[in-house]
Amino acid sequence: MSTSFERYQKRRLISSYFSVVISISLVLFLLGILGLLVLNTKKVADHFKEQIAMTVYFKDTAKEVEIEQLKKSLAMADYTKSTTYVSKEEAAEEHSKEIGEDFMEFLGYNPLQNSIDIYMNADFVSSEQVDEIAAELTAKNFVDEVIYDQPLIALLNENVKKISFWVLVVSAIFTFIAVLLINSSIRLAVYSKRFIIKTMQMVGATKGFIRRPFIWQSVKLGIIGAILALIGMAAVLYYLNKSFGELNLLGDVQLLAALFIGIFLMGVIITWISTYIATSRFLNLKTDELYY
């Protein structure tokens, strides 16, 4: 009879530990994914900014040496990430492919212009800075016009600010929720042993002696949960980096290491504090109050 009861208690204890570990790992995993999003928000935004091109069209009278000089000056400019020179012949060929016919046969000449597509570094992609760069290029006497999508740049910068703000707000809220969920799981685990705590106290055990095994057990569960969460995070990060290699998500190793260490420590610290508070609560209760 007692053996059957002991087995039942053991299964119940294992089930309780399993539930705590799963709760901790899921919460820390979601918190870690959100952390990855926070760390890479700027990187993703910068990636989209650097896809916006400013096109410089040259006059037909522009000399080859003038174009070459502009190429070199653009290559040395701080705002330039890369440039692509498109001759009028290449532009005509590309346009013919798009419309499906050779438009020059009807016109008898090529009306397109030589041009340079400028892709700028993300830090310079703002309405004010792009306007200044465009004005500087337009002032050159061999440049016909400078074309760029000004509304898109303004909209992109505005949306990046909004997204960054709300990501931080959601991160703060989710961190608070994560602490509450882990704390609740630990309290439920300790609650199931409240009579053991009170019995130990009644036979003269000190509060520190009673707390110690509970805290150590919870910390071990927190470590296991954190390791499972980190494995999940690593798998997701590997998949995203493989799928979106241009974002170079593994580029900043120090930040990623800090995030992983932070998630691990959070699992340990939250479980430690939660167990300390939970055991203190039951240690301070009277025997009659344990039944409510």
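Visitor: What is the bridge partner of alanine 53 in β3?
Guide: That's tyrosine 119. Strands here are DSSP E runs of at least two residues, numbered from the N terminus. Before we go on, this is a predicted model, where local features need pLDDT of at least 70, side-chain atom pairs count only at pLDDT 80 or more, and totals for chains, interfaces and linings use all residues. Residues are numbered from 1 along each chain as its sequence is written, and side-chain values use heavy atoms, with hydrogens and water left out.
Visitor: Okay, how many bridges join β1 to β3?
Guide: Five, and β1 (residues 53–58) runs antiparallel to β3. Two strands count as paired if DSSP finds at least two bridges between them.
Visitor: And what stands opposite serine 82 in β3?
Guide: Tyrosine 119. Valine 86, in turn, stands opposite serine 115. Six bridges join β2 (residues 80–86) to β3, again antiparallel.
Visitor: What order do the strands take in the sheet?
Guide: The order is β2-β3-β1-β4, in an open sheet with antiparallel pairing. The edges are β2 and β4 (143–147), each pairing on one side only.
Visitor: New topic: is β3 mostly covered or uncovered?
Guide: Mostly covered: five of the six residues in β3 (residues 115–120) are buried, meaning under 20% relative accessible area with a 1.4 Å probe, protein chains only.

Terms used
Buried means under 20% relative accessible area, exposed over 50%, partly exposed in between (1.4 Å probe, protein chains only). Helices (H or I, at least four residues) and strands (E, at least two) are DSSP runs, numbered from the N terminus.
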